[in-house]
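Hi there,

Here is the structure I promised to pass on. My notes on it follow below.

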Protein chains: 2
Amino acid sequence: MKKKTTIYDIAKKLNLTAATVSRALNNNEKISENTRKLVQETALEMNYEQNTLARALKSGKSYNVGVIVPRMDSNFFASVIRGIEEELYPKGYHVIICQTHDQENLETGNINSLLNAQVDGILMSISNSKTKNQIFNSLSRKRVPLIFFDRKKDISGVSSVTIDDFNGAYEATKHLIEQGCKRIAHLSNDRSLEIFKNRYLGYKQAILDHGLELDESLVIETHSKVEEGRKTAKALLSMERPPDAIFSSSDFTALGAIQEIKAQGLKIPEDICVVGFSNEPFTRFMELSITSVDQSPIEMGRMTAQVFLEEVNNGKNVKMEKQIVLTPELIVRKSSLKKQ
Amino acid sequence: MKKKTTIYDIAKKLNLTAATVSRALNNNEKISENTRKLVQETALEMNYEQNTLARALKSGKSYNVGVIVPRMDSNFFASVIRGIEEELYPKGYHVIICQTHDQENLETGNINSLLNAQVDGILMSISNSKTKNQIFNSLSRKRVPLIFFDRKKDISGVSSVTIDDFNGAYEATKHLIEQGCKRIAHLSNDRSLEIFKNRYLGYKQAILDHGLELDESLVIETHSKVEEGRKTAKALLSMERPPDAIFSSSDFTALGAIQEIKAQGLKIPEDICVVGFSNEPFTRFMELSITSVDQSPIEMGRMTAQVFLEEVNNGKNVKMEKQIVLTPELIVRKSSLKKQ
């Protein structure tokens with residue numbers, strides 16, 4: 001039988017100490033990124049079988065962090081993940097990602113999968129308001145840190161990093177009012193999720209504060225998809241008194257609305273102004289660039305990772321809860337700029 | 001001391017047999033998705049501590065599959081992942097994802113992380129031609145199935161699902177020639193990766209087959225980023241004999257090129273035709289819609305997952321290698337359509 005490779009064999013080959021090899025294999029941040037890479041590659045080449053199960057049992061750490069998002073193909077979530085990675089990689093952590101496609105059963109399943117994968121913590125943006133609190137509470141009992149970003153639930157002891165959606169929506173609506181718009185429609189989304197509820201409330205408050213009529217028939221709940229935006233705009237334009245502006249809680253529905261408005265031969269911004277939310281890159285690439293609300297996703301990711309690191313460093317006997325709220329920024333572009 | 005919850009307690013509460021509970025906890029596909037969800041939620045609520053380490057050791061399966069992509073924020077990779085998920089979720093697998101940002105050390109690190117997370121297989125699109133074969137060979141020694149999609153390396157015993165990049169590039173270039181273009185530039189990328197090499201070769205062959213002059217100064221290696229496209233187009237337009245068409249190996253560089261061409265007051269397609277590659281959604285959303293090559297990413301993902309399932313079902317003692325090549329489709333849009 002062939003003798004098993006040990007860390008001493010790797011150390012000898014690389015002219016390092018066994019302690020350095022062991023630390024490098026465990027992703028210890030005291031070891032340089034280059035040395036870690038060299039040791040890990042050599043370990044693979046020499047067919048070294050690290051007993052990861054034993055290691056996980058002993059140290060209680062896997063140096064893997066799980067991230068759960070509703071979808072990855074939006075620039076917003078991809079950028080949050082980028083921010084998380086930028087913060088965690090230098091500390092020796094790896095990031096593994098699951099997506100839920102807004103399906104409740106996948107949310108529960110993903111949490112289980114990540115727990116099975118022995119992650120050291122879960123950073124997540126929830127998909128569905130119906131996912132039971134027990135599932136999140138069970139993470140706390142297992143002492144696996146959980147941190148929400150963007151889409152959160154209010155659960156005692158769970159930290160979160162969000163943006164001030166109320167404020168973002170208020171500023172967007174106020175901007176439309178300043179452009180002279182009087183009948184502003186709002187493309188909303190599942191308002192059992194806080195972010196969409198708050199965007200609606202911000203819109204409503206701006207309307208009321210500026211003495212405009214609040215017409216709830218101009219508020220339509222839809223899904224963040226281009227086709228849904230088209231469909232909803234069609235319904236709005238066929239009203240007896242159609243809107244002269246649309247504030248959408250999503251850039252994707254804003255884009256669909258713009259396509260429909262143009263298809264009907266109306267002019268943007270002259271006839272109808274449109275504002276989206278998230279500042280997806282396409283809003284800036286379009287010939288008719290789209291006004292949108294930037295959510296500083298990279299910063300959101302970095303701060304979420306920082307809160308995780310803080311919780312880990314505090315140790316398992318310290319309970320902390322931190323609520324961080326970032327301020328969004330309205331980026332005014334052609335789709336809503338009537339007055340220079 | 002509080003008594004530990006057992007599967008019998010869960011079975012009693014839900015009025016199911018212990019065998020059903022056990023199967024549901026192990027994501028056995030014989031149990032309906034609904035029952036699995038119910039059991040898994042109840043297990044979490046009752047604070048059931050499944051000994052996943054013991055289970056992993058015993059069954060040798062985690063029902064987690066790892067996917068490694070260069071980046072997630074392109075619709076192409078997001079759609080491949082969607083296809084993989086559509087195929088694997090009904091079989092009781094969960095999908096966990098890592099991205100490399102085209103960094104070689106992250107590629108090695110991600111493979112290690114996924115191995116530590118006890119995945120049952122790794123489906124990956126490689127980032128870098130320099131990542132050592134030993135790393136991939138070590139997966140084979142550990143008997144963790146590895147399947148490449150889109151960006152592959154030729155490694156004996158490793159299956160792959162790719163598209164015929166040569167053909168896609170040939171058809172795109174031929175289309176430009178048919179539009180009357182005579183000096184066609186090519187925005188290439190790292191040609192040590194097969195996909196970019198084959199796109200270049202397809203371009204070259206189409207030029208030669210149609211008796212046009214092959215001018216290598218019109219072939220520029222760049223990165224798949226909008227800004228890089230702008231920069232490269234600027235260089236091309238300042239040539240003594242500038243091109244009358246650009247075939248880009250990436251939609252993102254094609255978009256950048258279009259921005260630069262317009263900024264210089266030139267007309268598309270009248271003065272210069274532009275064709276991209278990947279059929280990213282923005283190519284269809286733009287007012288000046290962009291001709292591109294569709295790579296059927298959902299299908300690529302589904303087939304990659306099918307090859308994985310086949311390898312798993314074959315068992316560990318069967319070695320198979322399967323090369324699947326999908327045919328791309330040229331989608332002609334405004335950016336290259338001079339003649340109707």
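Helix H1 (residues 7-14) of chain B packs on helix H2 (residues 18-25) of chain B at about 110°, with axes 8 Å apart. Ile7(B), Tyr8(B), Ile10(B) and Ala11(B) of H1(B) meet Ala18(B), Val21(B), Ser22(B) and Leu25(B) of H2(B), contact meaning heavy atoms within 4.5 Å. Helices are DSSP runs (H or I, at least four residues), numbered from the N terminus; axes are lines fitted to C-alpha atoms over the stretch in contact, with angles from 0 to 180 degrees between N-to-C directions.

This is a predicted model, where local features need pLDDT of at least 70, side-chain atom pairs count only at pLDDT 80 or more, and totals for chains, interfaces and linings use all residues. Residues are numbered from 1 along each chain as its sequence is written, chains are lettered from A and ligands numbered from 1 in the order written, and side-chain values use heavy atoms, without hydrogens and water.

In chain A, helix H8 (residues 165-178) and helix H9 (residues 194-209) pack at about 40°, their axes 7 Å apart. That angle makes H8(A) oblique to H9(A).

Best wishes

Notes:
Helix = DSSP H or I, 4+ residues; strand = E, 2+ residues; numbered from the N terminus. Parallel < 35°, antiparallel > 145°, perpendicular 65-115°, else oblique.
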